[in-house]
Amino acid sequence: MSNCAIVGINWGDEGKGRMVDLLTGKYDIVVRYQGGGNAGHTVINEYGKFALHLLPSGIFHKGVMNILGNGVAMDAENLLSEIDTVKAQGVNISPDNLKISDRASLLLPWHRELDGLEEARLADKKYGSTKQGIAPFYSDKYQKKTVMAGELFYPEKLKSHLADLLEWKNLTLTKVYGAEPATMDDLMKWVEDYGERIKPYICDTAKYLHDAQKQSKSIMFEAQLGTLRDLDFGIYPYTTSSNSIAAYAPVGSGLPGAKIDQIIGVVKAYSTCVGEGPFTCEMFGPEADALREAGFEYGAKTGRPRRVGPIDIVATRYGVRMQAATDIALTKLDVLSYMDKIPVCAHYELDGKITDEFPFPAALYDAKPVIEYMDGWKCDISGARSWEDLPEAARKYVEYIEKEIECPITYVSVGPERESYIKR
Ligand code: GDP
């Protein structure tokens, strides 16, 4: 069977978790290939409502193996609390359905601390970090200044490695930020409290995936955050610190040669953006408040109100291209049902000219949205289960987006529940 990636096309929070949860039952393995505890996938199913941060969304399906790949920021504290919460709702989680790559680097206590210290230093120029230590973690990983999960099996070597890192990191903590130094006792306590507890899940997941592929097992690659938060192709520096695009999935999973047959890009029927940075299509005032309320747009991790706007065709077309999406899942169409006229950001205006190209980040600040309006449908569509069930205006809206972003919309989601969708 074929491999698939589910990725966000825009700024994140497109409803990827909901799509992965819907489709994982069809796959043998679900792998998270980047990111850490900094974003949340919301999943609603027979066990309840969950905000998953690190656990792959396949965790709710019996017989599906879930893997945290080498590209993930392995935040043991966040993961263990998530495991406890999800288990308490009756979901089985054990090394039989969850594995952590021995090559995933560990997010250490000082990463979270440094994230907060740097955001405080930046003050009104802050990036809007979720303060989960992601940027300091990836910086250290690429400086080769953190430890891999597999090192937990070599306690003597781990201790001396941590001692070296401690000496180096304390220079930054004390001299740059004037903070308290970390101690070896703190680190060893962390290893005991968290490292020891994740050990049973750690193994050579690259080999596991290689063997699985030889047995023709199917793999789903699950992204965290959308194209516009990708470190290389997003709205830098208001990006995350890793590559969220599908092309990185094989590397971040530990299966560099993997062929991804289908790339499902998740797009929300309107736009949302958490945190700082240019957001061309942003709406303000009562119009924005109404959309935020209708879609309940508050951060899954932070509870922060999300910035909202109409669907952004320019950004979405760019997102589709950078993901090389083969299919689109359009989510939250039901949220727009209250609108008389539906705004769409059809183009940008930049330097007095209309453009359909997504601008370079530094130019994005000057881009203005060109808003057009489509007819609303003004009725509840959450019960629609087939294309024909949708009112004509809703079908026209979907068809318009599909044509403009140049990718087939295969799934239309009309509610948060697993079965609330239309397959075209
Ligand atoms: P993710 O990080 O991409 O998974 O996005 P979020 O966790 O922010 O999920 C989006 C939110 O919208 C969650 O609360 C979902 O339950 C909800 N949701 C997803 N699809 C739909 C939909 O089609 N309609 C409605 N009303 N809610 C949805």
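How much area do domain 1 and domain 2 bury between them, and what percentage of it is on carbon and sulfur atoms? About 2,100 Å² goes under, with 59% of it on carbon and sulfur atoms. Buried area here is the accessible area (1.4 Å probe) that two parts lose on being put together, summed over both.

A quick word on the ground rules: this is a predicted model, where local features need pLDDT of at least 70 and side-chain atom pairs count only at pLDDT 80 or more, while totals for chains, interfaces and linings use all residues. Residues are numbered from 1 along each chain as its sequence is written, and side-chain values use heavy atoms, with hydrogens and water left out.

**Where the domains meet**

The chain is split into domain 1 (4–104 + 201–264), domain 2 (109–198) and domain 3 (267–423), with bounds taken from an automatic or database domain assignment. The C-alpha centres of domain 1 and domain 2 are 23 Å apart. Domain 1 puts 30 residues into the contact and domain 2 puts in 22 residues, contact meaning heavy atoms within 4.5 Å. On the domain 1 side, Glu77, Leu80 and Ile202 lose the most area to domain 2, together 29% of what that side buries.

Three salt bridges are counted between domain 1 and domain 2; a salt bridge is a side-chain nitrogen of Lys or Arg within 4 Å of a carboxyl oxygen of Asp or Glu. The structure as a whole holds 25 salt bridges. Here are two:

| Salt bridge | N to O distance |
|---|---|
| Glu77 – Arg112 | 3.6 Å |
| Asp84 – Arg197 | 3.5 Å |

Asp84 sits in helix α2 and Arg197 in helix α6 (residues 184–198), so this pair ties together parts that are 113 residues apart in sequence. Helices (H or I, at least four residues) and strands (E, at least two) are DSSP runs, numbered from the N terminus.

**The sheet**

There's also an open sheet of ten strands with mixed pairing, in the order β7-β6-β5-β2-β8-β1-β9-β12-β16-β17. The edges belong to β7 (202–203) and β17 (421–423), each with a single partner strand, so one side of each has no neighbour in the sheet. Two strands pair if DSSP finds at least two bridges between them. Strand β2 (residues 29–32) and strand β8 (residues 219–226) run parallel and are joined by four bridges. Across that pairing, Val30 stands opposite Met220 in β8.
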